[in-house]
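Hi,

Here is the structure I promised to pass on to you. Have a look at it first, and then read on for what turned up.

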Amino acid sequence: MNKTRTIRTIKTACVYTGIIFGAGFASGQEHLTFFLRYGPWGIAGIVVAGALLALCGWGVMDICVRQKIGGYREFMAAVFGKRLGGALDIVTGIFIFVIFSAMLAGTGALGSEALGLSFSFGVVVVAALAFGVLLFDLRGMVEINTLVSPILVVGALFLGLYAVFTSAYPTFSLGVATTNWPTSALIYASYNMITAVAVLASMPKLVTDRSIAKWGGIIGGLFLGIIGVILSVALLANFELVQGMQLPMLALAANYGGAMEYFYMILLFLAVFTTAATAGFSLVHWLAARTGLPGLRLKIIITLGGIVAAHAGFSNIVTHAYAFFGFLGLFIMFAIIVYFIKGSTCSKTPNRACQHAQASRKTH
């Protein structure tokens, strides 16, 4: 692998990590919601989710490279056909806006609860920063994720490992239900993939060959799996301290003193900011393909719309939207995996059945 390809692969993995590493992941709330109710079995769920994210991320980018797809709308039409792809495309666009608004609301809640600042102040600050990234389009989105994602990874690993080795509340036996952890893993991976697909399908200038697609997806999924396991073990080992908390990892950091608390507060802010910027980038491209409006105008509309929607409240947005989109994402995720595997098989051993299937998709 030459130097240019290596750099592109690392940047792709960083973007992928940045997409998933939002407020829910960094705060530990997603770990409590989806995994830790099953005790140690939840760790197995995280491993499964990380593997699915790696496979699906690789699949999305590989499909785009193989079929020379240059955007999300084109990707959905290729995988699902024009009619179904168009319907799913609209729903996905709505969800991306929900994610963007949720990240703004998450920052408002963080500033309000942790620092006593106005909720609106936090929302406007991160919206303005995200808008600044949007002005640089793909370059801005890639560079901010390349810069911030390693910081998030190292910071989360540091606190997680520190918490594991200094735990005063070892409760690894927590959780008796074991039968539903695979379902939680599937739903977690699927709703994250809805946003990830939209972003990954919009990066043809970065993901230029199948090697970058493969290793960018695998490394990104591996990062998320490793961090997820370490944070979950830390939360399990300190469950009595963090149970019932809205921001469990921040509560854990606060237990070690002011410096650690402020360090992780900054980490949370960076996680929310990068996810907001990435979702905003995807939303701009989604709307541009459908409205034909100038990019600057769309960026202003999206930013202002997100500020207004964020005032619905972070918990309200997550509670009412994430579950629905998670089940919808299951269908999208498995369809992509099947399409990817079939396409890879056809590219290695083309036959009449493959050619017929490809021709059939183009007519739908």
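Of the contacts in the chain with a separation of 6 or more, 85% are between residues 24 or more positions apart. Please keep in mind that this is a predicted model. Its secondary structure consists of 16 helices and zero strands. Out of 364 residues in the chain, 53% are buried.

Now to the inside. The largest nonpolar core takes in 114 residues, and Phe75, Leu104, Tyr188, Met193, Met203, Tyr264 and Ile336 have the most contacts inside it. Helix H13, which covers residues 258–291, gives this core its largest share, with 16 residues. If you click on Ile336, you will find that it touches Cys56, Val60, Ile63, Phe75, Val79 and Val197, leaving out residues up to four places away in sequence.

Helix H13 also holds Thr274. Thr274 counts as buried because its relative accessibility is 0%, and the cut-off is under 20%. Beyond its neighbours within four places in sequence, Thr274 contacts Gly18, Phe21, Ile144, Asn145, Val148 and Leu152.

On to the outside. The chain has an accessible surface of about 15,400 Å², and carbon and sulfur atoms account for 68% of that. A nonpolar patch on the surface is formed by Leu135, Phe136, Leu296, Ile300 and Leu304, which together have about 490 Å² of accessible area. Leu135 sits in the loop between helix H7 (119–134) and helix H8 (137–165). With a relative accessibility of 44%, Leu135 counts as partly exposed.

Enjoy exploring it, and write back whenever you like.

Best wishes

Notes:
Residues are numbered from 1 along each chain as its sequence is written. This is a predicted model: local features need pLDDT of at least 70, side-chain atom pairs count only at pLDDT 80 or more; totals for chains, interfaces and linings use all residues. Side-chain values use heavy atoms; hydrogens and water are left out. A nonpolar core is a set of buried Ala, Val, Leu, Ile, Met, Phe, Trp, Tyr and Cys residues joined through side-chain atoms within 4.5 Å. Buried means under 20% relative accessible area, exposed over 50%, partly exposed in between (1.4 Å probe, protein chains only). Helices (H or I, at least four residues) and strands (E, at least two) are DSSP runs, numbered from the N terminus. Contact means heavy atoms within 4.5 Å. Patches are made of residues with over 30% relative accessible area and no salt bridge: like charges are joined within 9 Å, nonpolar side chains (Val, Leu, Ile, Met, Phe, Trp, Tyr) within 5 Å. Accessible areas come from the Shrake-Rupley method with a 1.4 Å probe; for residues, only the protein chains shown count as cover. A salt bridge is a side-chain nitrogen of Lys or Arg within 4 Å of a carboxyl oxygen of Asp or Glu.
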